Amino acid sequence: MSIKTQRLLIKAKKLIIRNKFEEAKSIYQKILDSFPNNKAAKKGLLSLNKNLENDLSQAELEEVIKLYSSGKILDALQKNKDLIKKYPNEPTLFNISGVCYLAISKKELAADSFIKSIELNPEYYEGHYNLGITLQEQDQLNEAIESYKTAIKIKHDYPAAHNNLGLIYLKLSRPDFAITHFEFAIKYMPEFAEAHNNLGAALQEVKQYKESIKSYEKALFIRPNYIEALNNLGIIAQTLGDKNTAIKHYEKAISLQEDFATAHHNLSALKKFYKDDPQIKQIKALLSKDNLNISQQIFLNFALSKAHDDTNNPNELFAALNKGNKLRKIQLNYNLKKDQDKFLNIKDIFKTPQPNISESLQNKPLTKRPIFIVGMPRSGTTLVEQIVASHKDVYGADEMNTMSKLSNQILNQPPFESIDKTKESYLQLRGQYLDAFSNFNISENVITDKWPLNFQYIGIILTAFPEAKIIHLERDARAICWSIYKHYFSDNGNGWSYNQNDLVGFYKLYSDLMTFWHELFPNQIYDICYERLTSNQKEETQKLLEYCDLNWDEKCLNFHSNNRAVKTASALQVRRKMYQGSSEVWKKYTEYLKPIIDGLNSY
């Protein structure tokens, strides 16, 4: 038997595994046309014909698919169950059951159906892919990764699986892996607009802004009315300080889809509303509808509160703001006790001496020295990073949530873990954190990490990085809490910020933990007062750079001229010269902020 014939037989077997029976029959027939006595081809064709006599017909399959496509999910499911009784070993039918269950949000039943399809045919890549979708929707990300990887192993040119795998890696803060899979998705489907858009997001994550913009624009070229890509172009323009371009993209997105609430909210942050602004009327009209989902209601209420703030209508401002905050707390299902327990656990862990890893670090000097800028959100951390990052030797990495994710491996360790095991965990964390810098193509030796909530992990940071500098922002607590309460955080971890009582409760947890850290690590945390910084810029900047072991650089006084990308809500503020008075704004709204003011006064 020739090598060519052997290859054809192998190909036919693979096609059978993938349920492509007619193609397999064609190959067997082709072999027999040339070699009528080929036993393997005769046997394969005979077996295939026998199986097909009892096989599911295309007409039966199309009937179920037609019911599903017309929205008659329950009818499709019942019809499919009848077919399963008739064809109990047909993986396609179990796959269809899974898709139907997924459509009616019965995810556990969906998963069971996809697993059954895979058991019947382990090479059934669609079953693996759909199981991945189900696990991804249940936030079982590691299991979903394995399902997608299996699907891709069977069928590498599977753009949808590569795209979904990229989305998971992006969520897990692995943009390098995400980029690889989005690029594979595009390779196998060049007109895959979603993959181009997602690649843009991954490139944006690693600060490759020019390439990110190209990806978003490619997505728009493929799909001119792609509002998510327009919104993303607005976000990246805002990050780069290009306010006018950002506004243009948001307005274009809204013109294409009036109820695109995300774009309304993003636009509201950049513009100054006037009394008869048509966007106010537009937002109110949308909010009067009863078909909005909770996310749309939240975004629109926060946008409307900003409009009423600009137009000096405090009653309307707080009516919209309180509604938006209430809905956001419901959406996140937040309970302050979870954070109370977490902070208590942190303090309990650090009441026990942590290992000294300095000896293990000998002859391993840091090539990139981190400076952590911490504090409550809206306390001035973005301003301080902009000042420090204006230094010629410093790269501003903006908000890296890497430390918060890695810290769980310390916080979730079993109690009474051996000191050697704990030491190993700290060394592992140190290496993983430094690996995150590899995503940035930079020459500077000092990097700022401005994730405010890293204040929770100061003990972990100073144990894993004895060389680290920690800058802690202090600001009037009332100013901080007001600024937080009127702000929508895209991060789902700030559930405490959407209720005035929760906000005070979390502030007290923060303040108490900072006292604990100062006592545990005396003279290792540099406190800088936002109000003193804004009123005495040069002196405070000099002291700040001295603490960071940085020589004086005049550019740090002219931080507003620094055109580095800034992702946070303060992106436009830090491009203006230092100004005073922002810590007094809350005083206009004392009657609306009584829970905050009274709660802080009692502390």
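Which helices do the buried residues of α8 pack against? They pack against α6, α7, α9 (141–154) and α10 (159–171), where contact means heavy atoms within 4.5 Å. The model is predicted: local features need pLDDT of at least 70, side-chain atom pairs count only at pLDDT 80 or more, and totals for chains, interfaces and linings use all residues. Residues are numbered from 1 along each chain as its sequence is written, and side-chain values use heavy atoms, with hydrogens and water left out.

Select residues 125–137, helix α8. Helices (H or I, at least four residues) and strands (E, at least two) are DSSP runs, numbered from the N terminus. The 13 residues should span 18 Å at 1.5 Å a residue, and the end C-alpha atoms lie 19 Å apart, which agrees; the expected span is 1.5 Å times one less than the number of residues.

Colour α8 by burial next. Buried means under 20% relative accessible area, exposed over 50%, and partly exposed in between (1.4 Å probe, protein chains only). In α8, 10 of the 13 residues are buried, so the helix is largely enclosed by the rest of the structure. Among them are Tyr 125, His 128, Tyr 129 and Leu 131.

Then step to Asp 139, which follows α8 and has a positive phi near 65 degrees. Most residues other than glycine have a negative phi.

Go to Ser 105, in the loop between α6 (91–103) and α7 (107–120). Its phi is positive, about 65 degrees, although Ser 105 is not a glycine. Ser 105 is exposed, at 56% relative accessibility.

Finish at Arg 378, in the loop between β1 (369–374) and α21 (381–389). Arg 378 has a positive phi of about 70 degrees and is buried, with a relative accessible area of 19%.
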